[in-house]
Structure formats: structure tokens, C-alpha cells
Amino acid sequence: MKRIWGLLAFAAGIAAAPVVAQTVVSPGAPAAPMPPIEIPADKKIPLDQALKAVQAAQAACSAQGATNTIEVVDLNNNTKALLSSDGAVNASFEYARRKAYTVLKKGISSGAFGKTLGQLARGAIIEGDPNLVQYAGAVPIMKNGAIIGALSVSSSKGQLDEACAMTGLAEFHF
């Protein structure tokens, strides 16, 4: 009988003990994305100009034999216009998106940002952010001295990407 009362007392002590919850956070996990901002009317990208820009960039790359994906994004990194040539590889969509993200996050072209980093291994995580890339090909879309979006190019001939992006950028007239 003493043994039963002892077990009951022990069980009651455990039940009354405080419970501590543990949260497991993986090291280097990316921060939660920023909530979208309300884009003021004067910082919205006109659709007609975004379409002309992706078409011009796509034509410039294709004329040099490069398959490509071209994207224009707004300040929230939402796609405004996207073109992909026949034969473009699936990875070109992701690289175009990440190049544009880099422009919006750093405020400079993705190529200029890459030059500040020096030599990195392919796929290296930069500044703890897995979406940043060091590759050239995305440029800021500027209006009245402020970034309103980005135009990015990811092609089978990466050395052409920034020149193709600049061709597209010339189609914006504010």
C-alpha cells in the first residue's frame, strides 16, 4: 500500500511540474518575408511599357542565339511582365526572379552587387539570404531618381544578360 501511495505522490509531482515548450529554429533560416507595401500610383510600372521592355530584351538576346527568360517586377517583386523564349531552361525562371529580387533588396544592378562580393562558389548563400545572387542580368527601373521595380534577364549566354536588360530598360519612358 505504501508503494502505491508513493507512486501516486510521484505521479502527482510530475503532473504538477511546469512544462517548458521548446521551439526548434534551424540555424541560418531566412527571415520571414516583408509584408507587401502599398505601391503609390507614381511608382507603378505601366503595363504597356513593361511589355515593350521584355519584348525588346528578349529580341536582343534571341538575335544573339540565346534562349532566355525576361521579367519585369514591381517593388513587391510581383511579376508585371514575363517572357520566355522557346527552349529556355526551367532554371532561367528562378534566376530571373532572384536577380530581380537582388536589385530590389540591394538597390543596385545584380551585376554591380556581384562585383562587391568577389569570387563566390556557385549556389553560395549570400548574407544569410538564399534569394540573393551575384550574377549580372538585372537592372533597376528608375523613375524620378527612385527605384520602382527591376528588369531581369536570364539566358543561356549569361555574359549577354546585362546588355539585353539594358536594351529592355531603354523602353521605359517616364
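The mean pLDDT of the protein, a predicted model, is 86, and 80% of its residues reach 70 or more; pLDDT is the predictor's confidence in each residue, from 0 to 100. Residues are numbered from 1 along each chain as its sequence is written, and side-chain values use heavy atoms, without hydrogens or water. Local features need pLDDT of at least 70 and side-chain atom pairs count only at pLDDT 80 or more, whereas totals for chains, interfaces and linings use all residues.

Over residues 4-27, pLDDT stays under 50, and the model has zero contacts there beyond four places in sequence (contact: heavy atoms within 4.5 Å). Where pLDDT is low, the predicted coordinates should not be read in detail.

The largest nonpolar core has 20 residues, of which Ile45, Val72, Ile141, Leu151, Val153 and Phe172 touch the most other members. Such a core is a set of buried Ala, Val, Leu, Ile, Met, Phe, Trp, Tyr and Cys residues joined through side-chain atoms within 4.5 Å, buried being under 20% relative accessible area with a 1.4 Å probe, protein chains only. Two or more residues each come from α2 (47-63), β1 (68-74), β3 (138-143), β4 (146-155) and α5 (161-169); helices (H or I, at least four residues) and strands (E, at least two) are DSSP runs, numbered from the N terminus. The largest share, six residues, is from α2. Leaving aside neighbours within four places in sequence, Phe172 is in contact with Ile45, Gln49, Ala50, Ala53, Val72, Ile141 and Leu151. Another core, of five residues, lies apart and includes Val73, Val103, Ala138 and Ala150.

Note on methods. Buried means under 20% relative accessible area, exposed over 50%, partly exposed in between (1.4 Å probe, protein chains only).
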